[in-house]
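I opened this model today to see how its pieces pack together. My notes follow, in the order I looked things up.

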Amino acid sequence: MKIILLGPPGSGKGTQAKRLEARHGLVQVSTGEILREAVASESLLGKTIKNTMAAGNLISDDLVLEVLERRLAEPDCKDGVVFDGFPRTIAQAEALNDIFSEAERAVDAVIMLEVDDVVLISRIEQRAKEAVDGKVRSDDRVEVLKNRLSAYYEWTAPIIPFYEARGLLWRVDGMREVHQVTDAIETIVSQI
Ligand code: ADP
């Protein structure tokens, strides 16, 4: 089973991806986490993308697809994957389709977590306040969030009609309690 969690920054994709991982034995593939690890390790890739990430802008499709393909080639991904933060552009969505053959569908469901902008901004402000040891993710600041939101609307939102046209899109109200969102996702998963 392969599921994509789609939604703006702060919509709860990471939290719900972890729950899907625990309940269904899927592997969470978060390009954001992989890229943050690259930055932390100060690898060549990390140095190349550090400033772009800190500014809340998207990393180029070529680089993201390279790390994604490497991750998908690892054996644990064979049992199923929940994508979190990928794809983020139409080109990435098309590339994902190309990675898998017709017989092995690239995606079984795309679950869209819908959350209003005002709610997103207050969630990020909260996340920054609650940061452990005063360690705030360098892109978790309100100014940067605005940039991440505009990148989302410009590049990622067009993916919604892309998957809708393929009959794969499911919408979930992401403004309810975390467990209610989980229940709504579970209902979807039981139908696919
Ligand atoms: P969030 O979902 O909270 O916005 P992520 O952890 O998914 O954050 O991503 C953090 C940053 O990593 C993004 O702002 C972007 O710079 C980079 N990134 C992650 N995934 C992708 C992707 N698929 N394509 C381009 N850039 C990405």
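A note on names: helices (H or I, at least four residues) and strands (E, at least two) are DSSP runs, numbered from the N terminus.

Ground rules, before I go on. This is a predicted model, so I keep in mind that local features need pLDDT of at least 70, that side-chain atom pairs count only at pLDDT 80 or more, and that totals for chains, interfaces and linings use all residues. Residues are numbered from 1 along each chain as its sequence is written, and side-chain values use heavy atoms, with hydrogens and water left out.

**Entry: helix 1**

I checked the length of helix 1 (residues 13-24) against expectation. The expected span is 1.5 Å times one less than the number of residues. For these twelve residues that gives 16 Å, and the end C-alpha atoms are 16 Å apart, which agrees.

Next I asked which residues of helix 1 are buried. They are Lys13, Gln16, Ala17 and Leu20; buried means under 20% relative accessible area, exposed over 50% and partly exposed in between (1.4 Å probe, protein chains only). These four cover an arc of only 105° around the axis, which puts them on the same side of helix 1. The arc is taken from the directions from the helix axis to the C-beta atoms.

I traced five strands in an open sheet, ordered 2-3-1-4-5, with parallel pairing. Two strands pair if DSSP finds at least two bridges between them. Strand 2 and strand 5 (169-173) are the edges, each pairing on one side only. Neighbouring strands are turned by 25° against each other on average, direction ignored; the axes are lines fitted to C-alpha atoms, and angles run from 0 to 180 degrees between N-to-C directions.

Strand 1 got a closer look. Four bridges join strand 1 to strand 4, and four join strand 1 to strand 3. I found Ile3 partnered with Ala109 and Leu5 with Ile111 in strand 4, while Lys2 stands opposite Val81 in strand 3.

Is strand 1 buried or exposed? Five of its five residues are buried, so strand 1 is largely enclosed by the rest of the structure. Lys2, Ile4 and Leu6 are on one side, and Ile3 and Leu5 on the other.

In helix 3 (residues 44-54), I noted Gly46, Ile49 and Met53 as buried. Seen down the axis, they fall within an arc of 90°, so they line one face of helix 3. Leu44, Lys47, Thr48 and Asn51, on the other side, are exposed. Helix 2 (31-40) and helix 4 are among what covers the buried residues. Just after helix 3, Gly56 has a positive phi of about 85°.

Last, I picked Arg71 in helix 4 (residues 61-72). Arg71 is buried, with a relative accessible area of 16%. Not counting residues up to four places away in sequence, Arg71 touches Val27, Val29, Ile34, Asp76 and Cys77.

Key:
Contact = heavy atoms within 4.5 Å.
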